[in-house]
Amino acid sequence: MAAAPAAAPTHAHSGIFSSGTSFPNFRSAAASAPGWRRREPYRAVSVVAGSAQSAPGAVAVDNEVDTLLDSVKWDSKGLAVAIAQNVDTGAILMQGFANKEALAKTISTRKATFFSRSRSSLWTKGETSMNFVNVHDIFLDCDRDSIIYLGKPDGPTCHTGAETCYYTSVYDALQSSKPNEGRQVMTTLYSLEDTISRRQEEIVTEGGGKPSWTKRLLLDNQLLCSKIREEAGELIQTLLENEDQSRAASEMADLLYHAMVLLRVKDVKMEEVLEVLRKRFSQSGIEEKASRNKS
């Protein structure tokens with residue numbers, strides 16, 4: 001594709017992509033926007049299906065997107081690795097390949113789109129199952145040879161019905177443990193949530209015996225509430241008494257743990273909490289509080 005002219009035309013979404021020889025990454029574009037506000041599809045892109053090594057003109061795009069697509073280091077087959085990641089949990093959902101048309105279509109439609117090497121055609125995740133991955137942002141790595149579609153899935157991503165395609169632990173496999181489709185590649189926060197959930201299940205399945213601290217909290221609402229108040233007070237004291245950072249981190253960890261036990265009792269997932277936070281990023285705190293009072 002031809003390089004963009006020095007004076008690129010102005011579009012409704014000008015600023016998302018660079019039209020010169022310097023290409024700011026997608027993170028810069030996200031940072032310049034107010035919070036995580038979901039942007040409208042990039043209207044200046046229209047896509048027709050083609051091969052991995054598409055001929056010039058196979059993707060009808062404006063100069064800014066055209067330049068961006070040319071800046072990606074596509075391999076000899078015109079492809080780059082494309083990874084879908086959950087915007088709220090951070091979980092890696094799936095990995096595929098994208099060509100110029102797939103990336104252009106994803107930019108345009110906000111639906112994670114890939115190139116199928118077996119079928120030699122574009123495919124949008126969810127076009128059959130309706131479990132789309134709704135893209136909030138797109139990131140290129142420092143070498144510009146791999147892509148992350150950061151988005152929110154409508155349902156399970158894996159064809160097996162699992163939330164993510166990555167549920168097989170190598171270390172579990174080496175110990176002859178069977179893959180668990182309910183398991184996800186978890187960050188520290190979600191590993192804690194999973195442990196609390198398993199403790200709740202054990203109360204039902206195992207019955208008696210000396211309960212762990214987590215089980216005691218799950219069984220006693222008054223104890224749980226008193227501990228949350230206590231830990232919140234201790235966190236506050238780290239500020240009032242000018243205690244060091246490690247003390248504040250420790251008290252916050254205690255408060256977060258106990259609050260997550262309460263969420264388990266209320267059957268609320270951390271993902272739901274983080275989704276609420278994300279939706280508030282582009283909203284004034286005063287306005288958000290006022291809207292809650294009205295409801």
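Colleague: Which residues make the nonpolar surface patch of about 400 Å²?

Modeller: This is a predicted model, where local features need pLDDT of at least 70, side-chain atom pairs count only at pLDDT 80 or more, and totals for chains, interfaces and linings use all residues. Residues are numbered from 1 along each chain as its sequence is written, and side-chain values use heavy atoms, without hydrogens and water. The patch is made by Val170, Tyr171 and Leu174.

Colleague: Is Val170 buried or exposed?

Modeller: Val170 lies in helix H4, residues 170-174 (helices are DSSP runs of H or I, at least four residues, numbered from the N terminus). Buried means under 20% relative accessible area, exposed over 50%, and partly exposed in between, with a 1.4 Å probe and protein chains only. Because its relative accessibility is 58%, Val170 counts as exposed.

Colleague: Why does Met260 count as buried?

Modeller: Met260 belongs to helix H8, residues 245-265. Met260 counts as buried because its relative accessibility is 4%.

Colleague: What separation do the C-alpha atoms of Met260 and Glu193 have?

Modeller: Beyond its neighbours within four places in sequence, Met260 is in contact (heavy atoms within 4.5 Å) with Leu189, Leu192, Glu193, Ile196 and Met270. Met260 and Glu193 are 67 residues apart along the chain, and their C-alpha atoms are separated by 7.0 Å.

Key. Helices (H or I, at least four residues) and strands (E, at least two) are DSSP runs, numbered from the N terminus. Patches are made of residues with over 30% relative accessible area and no salt bridge: like charges are joined within 9 Å, nonpolar side chains (Val, Leu, Ile, Met, Phe, Trp, Tyr) within 5 Å. Accessible areas come from the Shrake-Rupley method with a 1.4 Å probe; for residues, only the protein chains shown count as cover. A salt bridge is a side-chain nitrogen of Lys or Arg within 4 Å of a carboxyl oxygen of Asp or Glu.
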